Structures are given as C-alpha cells and as structure tokens.
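Work through the exercises below with the model open. Each task is followed by a stepwise solution.

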Amino acid sequence: MLIGEVARRSGVSARMLRHYESLGLVRPSGRSGSGYREYSAKDIRRIFHIESLRSLGLSLREIGRALDDPGFTPSALVGDLIRQTSDRIAAETELLTRLRRIDAADPAGWEDVLQVVALLQALGSQSADARQRAALASVDRVPVPVEALVEAALSETEPNVAGALRWALAQSGEGGAELLAKGLGSPVAAVRKRAVQSLAAMPGGEATTHLRDALTNPDVEVRGCAALALGPRGVDETVPTLIDMIVAGRNDTEAADALSTLASDTATADQIATRLVDLLAHDTTEAPARGRLTQALAGIPGTTASRALVELSHDEDRAVALTAAYLLQLRDAR
C-alpha cells in the first residue's frame with residue numbers, strides 16, 4: 001500500500017508519516033518498481049500503535065522506546081504520565097479559579113485587574129503581615145471576590161490575620177455566608193471551627209440561619225460557637241447548648257452571659273432558671289458543674305432564680321452555699 005492510501009486510511013498525513021520514518025518509528029517494508037514506499041499490514045498496525053500511544057501524551061521518543069525495547073515495562077511510564085497530567089490539571093484549575101475571581105471583581109480597567117491580582121497573591125503569601133494587609137485592603141480598594149476571602153479564612157492559622165479576614169467577610173455582604181456554611185461539614189475540625197467563627201462575625205439573616213443549623217452540628221465546638229453568637233441575637237433555641245457548655249465548663253462565663261441576654265422577659269427568664277435548677281438538683285451533676293450553674297443564676301432576673309438562690313444558700317455543698325449567699329447579697333444591693 002502506497003503512502004497516499006495509508007494516509008487516507010489511517011488519518012495520518014503523508015507529511016507526518018515521512019516524519020515518523022525520519023525518526024525511525026516506521027520503516028516501510030518495501031519499495032514499488034517506481035521507487036515509492038510500500039507499507040505492509042504490519043507497518044499499518046505499527047502506525048495505529050503510534051497514534052494510540054500519542055493519544056496518551058507520550059512523546060515520539062517515548063513511543064519509539066515503548067515499541068522497540070523488548071524489556072520495556074509501561075507501568076513506570078504510565079505512572080509518570082499520571083503525575084504529569086495531574087500536575088497540569090491542578091495548574092490549569094488554579095489558573096481558571098484565579099481568572100474567574102478576577103472576572104467576579106468586575107474590574108473597570110487593567111489597573112483594577114492588576115490590583116485584584118496583587119491582592120489575591122498577597123492573600124496566599126507566606127507573610128502573615130502581607131495576608132493581613134491584603135484582607136484589610138480588600139474592603140477599601142477593588143473588592144476581592146468573596147470566594148477568595150472565604151478560602152483564605154478557612155485556611156488561616158494566624159489569629160490576627162484570621163480576625164482581619166472575618167472582618168472583611170462581614171463587610172462583604174451576605175454572599176459569603178453560604179460558602180462558609182459548607183466549611184461546617186469539613187472533615188477537618190480546624191476548618192469547621194474557622195467556618196463557624198467567621199459566620200459568627202457576619203451580620204444578617206443568612207448568617208443567622210446557618211448558625212441556627214450549626215446548633216445541631218456533630219462538632220461540640222461548632223455548636224458552642226454558634227450558640228454564643230446566637231444568644232445575643234435573641235435566638236432562644238441556643239438555651240440547651242449554652243447550659244450544656246456551663247455544665248461542661250466550656251466557655252461557661254460567655255455562655256452564662258448569653259443566657260442573661262436571652263432572659264430579657266419574665267417568661268424566658270423563669271424557663272432558663274427552671275432548667276438550671278433542675279440540673280442543680282440532679283444526682284449526676286458533679287460539684288464543679290453545680291458551682292458554675294449557681295453562678296449562672298446570678299444573671300437571670302425574676303423570682304424563680306431568686307428563690308433558687310435562697311434555697312442554694314443552705315446547700316450541703318459549702319462552696320455552692322457561699323456562692324448563692326454572695327449572689328443574693330448582690331441582687332439585694334441592686
């Protein structure tokens with residue numbers, strides 16, 4: 001079969017077939033009487049093998065080695081190809097993400113584009129100072145897309161930088177709340193904590209909704225942070241979680257303050273006081289927890305809390321009795 005027919009049947013141009021021949025990849029089996037190259041069925045199979053290997057990303061040099069070296073094993077080469085392809089995809093994905101974020105900033109000109117690029121690079125800097133400056137600058141200059149701020153907030157380990165990022169997110173509107181909420185389901189505890197802390201710093205109904213959902217999160221730290229944020233917002237579903245925090249001694253002072261804020265009307269105050277009293281009377285409540293529950297009653301107004309403190313001032317546990325008596329003095333002095 002002559003080269004023109006081979007090119008037509010194989011889909012490989014005559015020019016490329018000649019290139020393969022010059023590299024020694026294909027050697028036509030013979031020549032016609034007129035001196036034209038003639039390809040055998042074996043030659044054509046080799047051409048198809050070459051094209052198949054090219055489709056995997058192998059260079060022509062690697063293809064020649066694969067086809068001509070009897071001892072060649074493909075596993076190492078295929079492994080290298082997988083790694084190279086993965087690296088290339090990762091690089092292209094990173095570039096695509098950066099381009100989309102620049103587009104989301106809706107730059108008015110190249111100066112704006114360059115500012116966004118500089119801020120995005122600074123957010124990924126090794127320098128904590130550079131990251132903090134970028135977070136603060138993202139509000140005053142060309143806005144950094146909220147996706148970039150969320151990504152940075154969920155990965156930031158430096159407290160000062162994390163605070164700046166949470167502040168920037170709070171200024172960015174409610175667009176970041178949904179993205180932060182996805183972080184609550186992360187398998188990494190630190191990411192879940194950063195997500196709920198960032199949501200707690202955000203105003204607005206969307207953030208509040210996600211914080212309400214976080215009250216049922218399996219992570220006890222997420223639940224606690226959400227409850228501390230929602231208490232001052234008047235969300236009374238936080239009461240059980242806040243009381244659990246007092247019993248466990250986790251941020252118990254902040255939890256007691258949140259309960260005090262929630263106890264703004266008589267009915268709610270009496271309900272909270274009743275819950276605290278029930279736990280104080282429970283046989284399984286340990287002495288340190290009873291002390292913290294007694295202290296929590298100090299911030300709860302109303303007769304239910306006052307009566308409970310009177311009874312506790314005669315408690316068998318001397319520490320509890322002394323605490324209750326002192327708190328009663330403070331209430332009387334008001």
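Predicted model: local features only at pLDDT ≥ 70, side-chain atom pairs only at ≥ 80, totals over all residues.

Residues are numbered from 1 along each chain as its sequence is written, and side-chain values use heavy atoms, without hydrogens and water.

**Exercise 1.** Describe how helix α16 and helix α17 pack.

Step 1. Take α16 as residues 266-281 and α17 as residues 287-297. Their angle is about 160°, and the axes lie 10 Å apart.
Step 2. Therefore α16 is roughly antiparallel to α17 (angles over 145 degrees count as such).
Step 3. List the contact (heavy atoms within 4.5 Å). From α16 come Ala273, Leu276, Leu279 and Leu280; from α17 come Arg290, Leu293, Thr294, Ala296 and Leu297.
Step 4. Sort these residues: 7 nonpolar, 1 polar and 1 charged.

**Exercise 2.** Find which residues touch the most other members of the largest nonpolar core.

Step 1. A nonpolar core joins buried Ala, Val, Leu, Ile, Met, Phe, Trp, Tyr and Cys residues through side-chain atoms within 4.5 Å.
Step 2. The largest has 70 residues; Leu297 and Ile300 touch the most other members.
Step 3. Helix α8 (residues 146-155) gives the most to this core, 7 residues.
Step 4. A separate core has 18 residues, including Ile3 and Val26.

**Exercise 3.** Is Thr268 buried or exposed?

Step 1. Locate Thr268 in helix α16.
Step 2. Its relative accessibility is 16%, so Thr268 is buried (under 20% relative accessible area, with a 1.4 Å probe and protein chains only).
Step 3. Beyond four places in sequence, Thr268 contacts Leu262 and Ala263.

Terms used
Axes fitted to C-alpha atoms, helices over the stretch in contact; angles between N-to-C directions. Helix = DSSP H or I, 4+ residues; strand = E, 2+ residues; numbered from the N terminus. Parallel < 35°, antiparallel > 145°, perpendicular 65-115°, else oblique. Nonpolar A, V, L, I, M, F, W, Y, C, P; charged D, E, K, R; others polar. Buried < 20%, exposed > 50% of the residue type's maximum accessible area, 1.4 Å probe, protein only.
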